[in-house]
Amino acid sequence: MNYKQFNVALPIKDNNVCMVDGVVQYDTANIFNVRLMDGTEPFDFTGYTEVFIEILKPDGNHVQSCVTDDPKIHADNNPYSIQVVDPSEGRISFMLLGQATILTGTHFGQIMISGNGKTLTSARIN
């Protein structure tokens, strides 16, 4: 099966918005390859134990998904197949499908990483 892939460099500390075009309503084969960046360098999130994806849809509803070291939570709440590809290089991959593509319009997404009592939120992906 072929997938439409989006490669996104996403600031972890800056508040720059990253615009992504090309996701079409009802598409179910969208893969986002995200690299969290700290300025011009990859953000090393080694040691963080949870990665959350949150998307605000045009109708005001939220879509959330997470991957964590806790296998029960991971199995129950990862419909977007979030994968930590390489934390030392800031790489995360996830599929965008289902409720995240059911409406047309601008969606506002962000990635949050948590661990050791700390949470960092990326810039937005629109």
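**Confidence first**

Where pLDDT is low, the predicted coordinates should not be read in detail. Averaged over the chain, pLDDT is 87, and 92% of the residues score at least 70.

This is a predicted model, in which local features need pLDDT of at least 70 and side-chain atom pairs count only at pLDDT 80 or more, while totals for chains, interfaces and linings use all residues. Residues are numbered from 1 along each chain as its sequence is written, and side-chain values use heavy atoms, leaving out hydrogens and water.

Now for the fold. The chain has nine strands and one helix, in the order β-β-β-β-β-α-β-β-β-β from the N terminus on. Among contacts (heavy atoms within 4.5 Å) between residues at least 6 apart in sequence, 61% join residues at least 24 apart.

What about overall dimensions? The C-alpha trace spans about 35 × 35 × 30 Å along its principal axes. The radius of gyration, taken over C-alpha atoms, is 14 Å, which agrees with the value near 14 Å for a compact globule of 126 residues; that rule is 2.2 Å times the number of residues to the power 0.38.

Technical notes. pLDDT is the predictor's confidence in each residue, from 0 to 100. Helices (H or I, at least four residues) and strands (E, at least two) are DSSP runs, numbered from the N terminus.
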